[in-house]
Each structure stands twice: as structure tokens, then as C-alpha cells.
Amino acid sequence: MRLHAAAALGLITLASLFVPTVSAQRAVPRAQAAVPRDSAVPFKVGETLTYDVSWSSYMVAGTAVATVRERRQAPPNSAAYYIVAEGRPLPLISRLYSLYYKMDTLIDTSTLLPQEMSLYSEEGRRQRLGKTRFDRPARRALFEITGGTDTFKNTINVPAQALDGLSALYAVRASSFSPGTKLTYPILDEGQMYTVTMLATATERVRAPIGELNTWKLAVNILDSQGETVGQNVGIWLSNDARKLPVKLQADLPVGSFTLALREATN
């Protein structure tokens, strides 16, 4: 159960995995506003989304929880939402193999672009931490990995509107949809660039543990830097209301078929 893959679909997802662009993502030039205004978003501090995670033959293999923890000041003159997503297997599976994933991101409240993100993982006895820091003026990102023998640093050229997988899931919620709406995002995930396109195909009634909801179905296509498709049958279903909750995320990946179904949404 790879949490960053799932987030990238919001990507992702998560997928989770999952940027020309959404109006809410456009940066406010400093010359026009000394204090950038917050973009309108359908979420707020304290929102917690809890998902049942299904993987291949396991009807429910684990739980993923995404929380908007706080709104914090970010020098020199901005603010950011601190968002955390965590994934754990069910106790029965964890007895066979210990797994834990934590992804967090700092999203600028004005541009909805991430300032930095990290992914921490525990797989058995192996621990690993990947961090990405975005240098927006230089259009670069510094990616580094620590843990065990996986020590690595790299500077990557990125598009101006580059997102990470978790921030993409929240940025897409700030968009407006109608049949045929198409969103394209550059996603930086684990030091690799992806191009993620989301197409609003139709409204659809979806049943999830939280209940039966009207949703917008977004068909997701993920391309790596070589133009190769990543995953099959990737989709996101957002509630067709003011909150635009990610009700369901799914993807067929080389390691198995994943589905995240919303069980609870608080605040």
C-alpha cells in the first residue's frame, strides 16, 4: 500500500498519485499585492478525511487519513496550509509486514502551489525520508532522500506551476467543473516529473462507506518524463457540492489495483 501512489492520483493521486492550469493556482505578482489574498478553497483547517483502502484481493487492506492540520505563516510574506496524509495497513496485515506512510505538504494559501513536501515510509525495518523544497523564483526543486543507504540529493528544473501529489488533490478541489472540463498539471513525485491530465467526463452517483453521493467523475491520465503511461483505469470522484470531497480514488498499478473510498469527513 504505497500512500504516495494513492495521493498522486489526486494526482493520487494518488493516486493520493496525481498541472496548464487552474485559475486558483495562478500566483499573485508581488508588485500588485503586498499581502497576497487567500484563494477560495472548499476545505478549511481541521478537515479530516478518512478512507478505506482496498488493494487487489483485499476488500479493505488499510486506512488512509488526510488532515488540514493548520494555517501557518511562511516568511517572508505568505501563509500556507499544512496538510498531512497517513496510511496504515489493517492489524492483520501489519502482523505479516509492518507498513506506515506519512506524506505532508505546505500549500501557499494564495497560489495553492506547494512550498515543500516530504514522504516518510516504514517498510518492515526499512525507514526512508524523502524531502522536496520548491524554489519558485528559480523554477527549481531540491529533492533529497535519507535513511539507510538511500542518501541522495538532486536539483531538478520544474515548471512554474509544479505540484506534488498531495497538493494536487487539494488544488483540483478548488476548480470548477462542467462536462468536458480538462485540467493538466506537472507533478513532481519522488524526484521525478509527471504530467497528469484530469477530464471531467460526467456526473455519477457513487456509493462509498460515507454514503451515496452525487459526484463528478474525473478520468485521470498520468505520463512519465518519457511520455509513457503510468497506471490504468485511474479515476477520481469528487462530490458535486461545495466541499468537492474526494469520495473515491482508484488506479490499476504494477503492484496491484487500489481503491480509496471515503468513510468519514469531519469539519
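# Aromatic pairs and charges in a predicted model

User: Let's start with the rings. How many aromatic pairs are there?

Analyst: The count comes to 5 aromatic pairs. Keep in mind that this is a predicted model.

User: Give me one. What's the geometry for Phe 43 and Tyr 81?

Analyst: That pair is edge-to-face, with 5.4 Å centre to centre and 75 degrees between the planes. It links distant parts of the chain: Phe 43 is in the loop between α1 and β1, while Tyr 81 belongs to strand β3 (residues 78–89), and 38 residues separate the two.

User: Is Phe 43 buried or exposed? And what about Tyr 81, buried or exposed?

Analyst: Phe 43 counts as buried because its relative accessibility is 6%, under the 20% cut-off. Tyr 81 comes out at 7%, so it's buried too.

User: OK, switching to charges over rings. Which ring does Arg 136 lie over?

Analyst: Arg 136 lies over the face of Phe 134, 4.4 Å from the ring centre. There's also Lys 248, which lies over the face of Trp 237 at 4.6 Å from the ring centre.

User: Now salt bridges. How many?

Analyst: The count is 13 salt bridges. One of them joins the side chains of Arg 173 and Glu 47, at 2.9 Å from N to O. Those partners sit in distant parts of the chain, 126 residues apart: Arg 173 in helix α3 (residues 165–173), and Glu 47 in the loop between α1 (3–7) and β1 (48–55).

User: Are Arg 173 and Glu 47 buried or exposed?

Analyst: Both Arg 173 and Glu 47 are buried. They're also part of a salt-bridge network with Arg 243.

User: What's the N to O distance for Glu 144 and Arg 133?

Analyst: Their side chains meet in a salt bridge at 3.1 Å, N to O. Here, too, distant parts of the chain are linked, with Glu 144 in strand β7 (residues 140–146) and Arg 133 in strand β6 (residues 126–135), 11 residues apart.

User: Why does Glu 144 count as buried?

Analyst: Because its relative accessible area is 15%, and buried means under 20%. Arg 133 has 37%, so that one is partly exposed.

User: Last one: what about Arg 72 and Glu 70?

Analyst: Their side chains form a salt bridge at 2.8 Å, N to O. Arg 72 is partly exposed at 28% relative accessibility, and Glu 70 is partly exposed with a relative accessible area of 32%.

How values were computed
Residues numbered from 1 in each chain as written. Predicted model: local features only at pLDDT ≥ 70, side-chain atom pairs only at ≥ 80, totals over all residues. Heavy atoms only, no water. Salt bridge = Lys/Arg side-chain N within 4 Å of Asp/Glu carboxyl O. Helix = DSSP H or I, 4+ residues; strand = E, 2+ residues; numbered from the N terminus. Buried < 20%, exposed > 50% of the residue type's maximum accessible area, 1.4 Å probe, protein only. Phe/Tyr/Trp six-rings, centres within 6.5 Å; stacked < 30°, edge-to-face > 60°. Lys NZ or Arg CZ within 6 Å of the ring centre and 35° of its normal.
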